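Dear colleague,

I am passing on the structure below, together with my notes on what was found in it. Please read the notes with the model open beside them.

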Amino acid sequence: MADGTMRERMREGMTSLWLAINRKKTVTDDFHDTPLKRCLNTFDITLLGIGHMIGAGIYVLSGTVVKDLAGPSAVLSFLFAGFAAILSALCYAEFGARVPKAGSAYSYTYVTLGELWGFIIGWNIVLEHLLGASAVARAFSGSLDSIFNGAIRNSTITNIGYLSKESEWLSDYPDFIAFSVTIIVFIVVGTGAKFTMNFNNVFTVLNMIVIVFLICVGFYFADIHNWENTKNGGFFPNGFGGCLSGAATCFFAYIGFEGIATAGEEAKNPERSIPISTVTSLGIVTFLYIMVTAALTLMIPYNDVDPNAAYPMAFAMRSAEWAKYIVAIGTLFGITTSLLGSAFSLPRTIYAMSSDGLLFSIFAYIYPRTQTPVWGIFTFGMVSAVMALLFEIETLVEFMSIGTLMAYTIVGASVIILRYLPVYKCQFKLKPEVEAEDVRPGPIMENEESSILKKSKSHDDFGRLKEKLKAIPLLRSFQPGNASLLATFLILVCIVCFCATLIFGFSYIEAGAWWAILLVILFGIAIIGCFLVMVAHEKNDAFTTFSIPFVPLIPILSMFCNIALMLNLNYLTWIRLGIWMVVGLTIYFSYGLWHSHEARSTNGYGEIVHYTGEANISCSTISNMNEEVLEQQPPRNPHEDFQGAM
């Protein structure tokens with residue numbers, strides 16, 4: 001008897017825990033209200049995105065990609081990486097317009113998938129911006145040191161000594177320049193959003209002027225033989241595989257667009273600004289990356305490029321010493337804006353999680369004078385500065401990439417799930433239903449009938465099987481939205497298996513091993529099958545805010561690209577991620593789970609109709625029910641709502 005009672009209590013406890021970690025953030029009428037100052041326009045947010053992306057990508061990554069990986073085909077590497085980035089950016093833009101909160105992907109996931117998934121993504125975004133600020137600060141220090149031919153590094157080692165030698169975790173020497181510049185930038189961020197944006201705008205414009213100068217002078221010295229020289233390998237010195245490897249590395253250059261979504265809570269008109277800023281900034285940045293890489297590889301042979309100071313040394317080789325110093329100054333401008341983007345986004349993600357009760361409440365405090373989360377800025381600014389002091393840039397960049405790619409993957413999945421939710425679970429405002437046209441007496445032509453059916457599709461159809469496919473035996477047994485939810489989970493698993501087989505088993509596939517080829521075929525068929533399950537259901541295209549086209553194709557392509565890039569990362573990166581996640585989950589289960597604001601809510605989640613009485617009630621008795629209608633969507637017939645909920 002006692003054992004039965006104990007098992008029952010354990011079962012109830014597990015059920016309560018499951019419900020708690022999957023509770024979703026409720027979108028209320030005051031969801032857009034914020035203690036932060038809404039002072040940023042579309043121009044400010046666009047320059048924030050450009051500044052965040054354009055610095056490290058041009059001045060730090062391009063030389064390494066050209067010299068070590070892709071050669072002149074690095075031009076295509078940036079193009080491919082930009083394509084992968086814009087797939088993720090479109091998913092961000094949809095949610096950024098619909099959920100204009102400082103937490104970005106954290107807020108999107110919390111609303112769509114649930115609390116634990118939201119926390120995991122938020123914790124990874126914290127990692128992204130924390131390491132992003134540290135990595136770019138190291139790049140700033142390295143660029144400044146290159147102007148003085150390494151004097152800063154040599155002086156530090158001579159007077160203080162080595163921090164470590166040949167360590168995979170720590171830097172060779174403590175970088176006090178990186179530490180100091182990180183502190184200064186976080187102080188600037190603490191002065192307020194508008195001042196930070198003005199500071200960023202000035203430096204971004206100066207940086208773009210230098211980049212245009214670099215492109216023009218670079219093409220002046222261009223020699224097409226540097227692309228055609230077969231002795232150096234031609235345009236693809238390491239084959240097309242080298243070009244793709246370069247694209248995986250170049251992806252880091254585009255991750256700054258996530259900062260655009262983070263600024264949504266301080267945007268004057270986020271529904272309009274976030275999509276426009278995201279697409280505009282990515283388009284401009286991709287064009288500039290392609291042009292400067294083309295200029296570099298046309299100026300000098302790719303194997304003569306210096307990865308530590310690619311453009312200054314290229315001009316020096318073409319006897320244009322005067323241009324070397326202009327580009328060096330532009331490098332500092334560009335890296336400063338990139339550092340500013342990470343420093344701006346980091347405390348706002350912390351603030352969003354703390355405001356929901358998932359992190360310590362002190363980080364949700366907004367200083368009235370500057371309207372900024374000062375404790376988050378101070379605490380995590382110091383952590384970022386210490387990491388810049390102690391760790392090498394390669395370690396920071398690779399560790400940062402895995403958290404970012406995981407966040408992008410989950411955002412893509414969230415877009416699919418949200419689009420196939422039934423209307424009674426959807427928390428967002430939808431366009432009014434279009435009433436069917438009056439049917440005139442007489443025979444109905446086929447095209448006229450199709451037009452009427454299309455116009456009269458109900459919101460209650462969302463998540464259900466399409467009319468012509470309702471006879472499919474297996475799918476018709478699922479509740480609305482559940483089949484697409486399961487298909488999304490399965491397609492994630494299948495993509496991981498497909499990419500892992502291709503990446504780690506490529507030598508077996510190349511050798512013609514039947515089992516490896518069979519696995520690729522099976523996983524490929526499974527991915528196609530999950531995709532077909534999704535498109536067999538009615539999709540929600542009635543949102544009033546920006547919605548990306550070609551769902552679920554674009555989110556699936558985004559998930560595929562991100563997972564493939566994640567599986568190419570070093571195993572040490574996965575170990576570091578595991579340690580970071582253990583720390584995060586410890587905080588969540590010891591603090592966030594118990595202090596979550598959603599746990600205090602007594603309201604139902606997203607229900608349109610609440611009623612008392614027995615569950616099995618015929619439609620004829622609806623008029624006798626004691627019901628409360630919560631109009632979260634445009635007004636409809638209550639009888640139709642009830643039927644949709646059933």
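Arg419 is found in helix H16, which spans residues 393–419; helices here are DSSP runs of H or I with at least four residues, strands are runs of E with at least two, and both are numbered from the N terminus. Before going further, please note that this is a predicted model, in which local features need pLDDT of at least 70 and side-chain atom pairs count only at pLDDT 80 or more, while totals for chains, interfaces and linings use all residues. Residues are numbered from 1 along each chain as its sequence is written, and side-chain values use heavy atoms, with hydrogens and water left out.

With a relative accessible area of 0%, Arg419 is buried (buried means under 20% relative accessible area, exposed over 50%, and partly exposed in between, with a 1.4 Å probe and protein chains only). Leaving aside residues up to four places away in sequence, Arg419 touches Glu94, Glu538, Lys539, Asn540, Asp541, Phe543, Ser547, Ile548 and Val551, where contact means heavy atoms within 4.5 Å.

Phe550 has a phi near 55 degrees, a positive value in a residue other than glycine, and it is exposed, with a relative accessible area of 60%. Gln371 also has a positive phi, near 55 degrees; it is found in the loop between helix H14 (321–355) and helix H15 (374–390) and, at 26% relative accessibility, counts as partly exposed.

**Two helix pairs**

The axes of helix H3 (residues 74–98) and helix H12 (residues 270–299) come within 10 Å and cross at roughly 175 degrees; axes are lines fitted to C-alpha atoms, for helices over the stretch in contact, and angles run from 0 to 180 degrees between N-to-C directions. H3 and H12 are therefore roughly antiparallel to each other, a description used for angles over 145 degrees. Their contact includes Phe78, Leu79 and Gly82 of H3 and Ile274, Pro275 and Thr278 of H12. By class, the contact of H3 with H12 has 18 nonpolar, five polar and one charged residues (Ala, Val, Leu, Ile, Met, Phe, Trp, Tyr, Cys and Pro count as nonpolar, Asp, Glu, Lys and Arg as charged, and the others, Gly among them, as polar).

Helix H4 (residues 105–112) and helix H5 (residues 115–147) pack at an angle of about 170 degrees, with their axes 7 Å apart, which makes H4 roughly antiparallel to H5. The residues of this contact divide into seven nonpolar, three polar and one charged.

**Cysteines and the chain as a whole**

How many disulfides does the structure hold? It holds zero, a disulfide being a pair of cysteine sulfur atoms within 2.5 Å. The closest cysteine sulfur to that of Cys561 is in Cys499, 8.8 Å away and too far for a bond. Cys561 is partly exposed, at 21% relative accessible area, whereas Cys426 is buried, at 2% relative accessibility.

The protein chain has 23 helices and two strands, and buried residues make up 53% of its 646 residues.

Best regards

Definitions and conventions:
Parallel < 35°, antiparallel > 145°, perpendicular 65-115°, else oblique.
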